[in-house]
Amino acid sequence: MIDPKLYTFVTLVEAGTTLRCAEALHLSQPAVTQHIRALEAEYGAKLFVKEGRRLALTGAGERFYRLANRLPALEAGDFSLTRPFAFVTLPDSPLARRESGLFDRVRTLCAGL
């Protein structure tokens, strides 16, 4: 099962505001904020910056979105995404190691299907 915080993250990216995200997921706005803060703490990177009333992805947030956006398809058994996913080259940085760890968890999830 995919961590619900990842669904919150993907929905927030697509909705653009915490209000719309909260409405779409039937959560409170503070719950959405807590999910995002927990992800940022877990992966050690800022995922969003505020631009007025809207949120914009940081560079790390964009990379994380590409990874997180593929997880539901993988969970559903669509392994056509695994080949391009496997050939992503990441620089050696703390975030890259965390993203690599996320990929390892996805690979473990896929092996169990």
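This is a predicted model: local features need pLDDT of at least 70, side-chain atom pairs count only at pLDDT 80 or more; totals for chains, interfaces and linings use all residues.
# Notebook: helix packing and a few residues

Arg66 first: I find this residue partly exposed, at a relative accessible area of 47%. Arg66 sits in helix H4, residues 59-75. I checked the reach from Arg66 to Val10, and the two are 56 residues apart in sequence but 9.3 Å apart in space, C-alpha to C-alpha.

**Val10**

I followed that pair back to Val10, which is found in helix H1. Buried or exposed, I wondered about Val10? Val10 comes out at 12% relative accessibility, and the cut-off for buried is under 20%, so Val10 counts as buried. Leaving out residues up to four places away in sequence, I get Tyr65, Ala68 and Asn69 as the residues that Val10 touches.

**Overall layout**

I stepped back for the whole chain. I count six helices and two strands in the secondary structure. Reading from the N terminus, I get the order α-α-α-β-β-α-α-α. The protein has 113 residues, and 35% of them count as buried. I then took the contacts with a separation of 6 or more, and 56% of these come from residues 24 or more positions apart.

**H1 against H2**

Two packed helices are described by the angle between their axes and the distance between the axes, so I noted both for each pair. How do the axes of H1 and H2 cross, and within what distance do they come? The axes of H1 (residues 4-15) and H2 (residues 18-25) come within 8 Å and cross at roughly 125°. That angle makes H1 oblique to H2. I have the crossing of H1 and H2 down as right-handed. On the H1 side the contact is made by Tyr7, Thr8, Thr11, Leu12 and Ala15, and on the H2 side by Thr18, Arg20, Cys21, Ala24 and Leu25. I sorted the residues of this H1 with H2 contact by class and got six nonpolar, three polar and one charged.

**H2 against H3**

H3 covers 29-43. I find H2 and H3 packed at an angle of about 100°, their axes 8 Å apart. The range for roughly perpendicular is 65 to 115 degrees, so H2 and H3 are roughly perpendicular to each other. Which residues make this contact? H2 supplies Thr18, Leu19, Cys21 and Ala22, while H3 supplies Gln29, Val32 and Thr33. By class I get four nonpolar, three polar and no charged residues for H2 with H3.

**H1 against H3**

The axes of H1 and H3 come within 9 Å and cross at roughly 110°. That makes H1 roughly perpendicular to H3. From H1, I list Pro4, Lys5, Leu6, Thr8, Phe9 and Leu12 in the contact; from H3, I list Val32, His35, Ile36, Ala38, Leu39 and Glu42. The residues in the contact of H1 with H3 divide into eight nonpolar, two polar and two charged.

I picked out Ala31 as well, which has its place in helix H3. Ala31 has 17% relative accessibility and counts as buried. I checked Ala31 against Thr8, 23 residues away along the chain, and their C-alpha atoms are separated by 9.4 Å.

**His26**

Then I looked at the loop between H2 and H3, where His26 lies. What stands out about the phi of His26? His26 has a positive phi, about 60°, although it is not a glycine. For context, most residues other than glycine have a negative phi. I also looked up how accessible His26 is: the relative accessible area is 73%, and His26 is exposed.

**Salt bridge**

Last entry, charged pairs. How many salt bridges does the structure hold? I find one. Asp3 forms a salt bridge with Lys5, and the closest N and O atoms are 3.0 Å apart. Lys5 was already in my notes, as one of the H1 residues in the contact with H3.

Methods. Residues are numbered from 1 along each chain as its sequence is written. Side-chain values use heavy atoms; hydrogens and water are left out. A salt bridge is a side-chain nitrogen of Lys or Arg within 4 Å of a carboxyl oxygen of Asp or Glu. Axes are lines fitted to C-alpha atoms, for helices over the stretch in contact, and angles run from 0 to 180 degrees between N-to-C directions. Helices (H or I, at least four residues) and strands (E, at least two) are DSSP runs, numbered from the N terminus. Angles under 35 degrees count as roughly parallel, over 145 as roughly antiparallel, 65 to 115 as roughly perpendicular and the rest as oblique. A crossing is left-handed if the near helix is turned anticlockwise from the far one by less than a right angle, and right-handed if clockwise. Contact means heavy atoms within 4.5 Å. Ala, Val, Leu, Ile, Met, Phe, Trp, Tyr, Cys and Pro count as nonpolar, Asp, Glu, Lys and Arg as charged, and the others, Gly among them, as polar. Buried means under 20% relative accessible area, exposed over 50%, partly exposed in between (1.4 Å probe, protein chains only).
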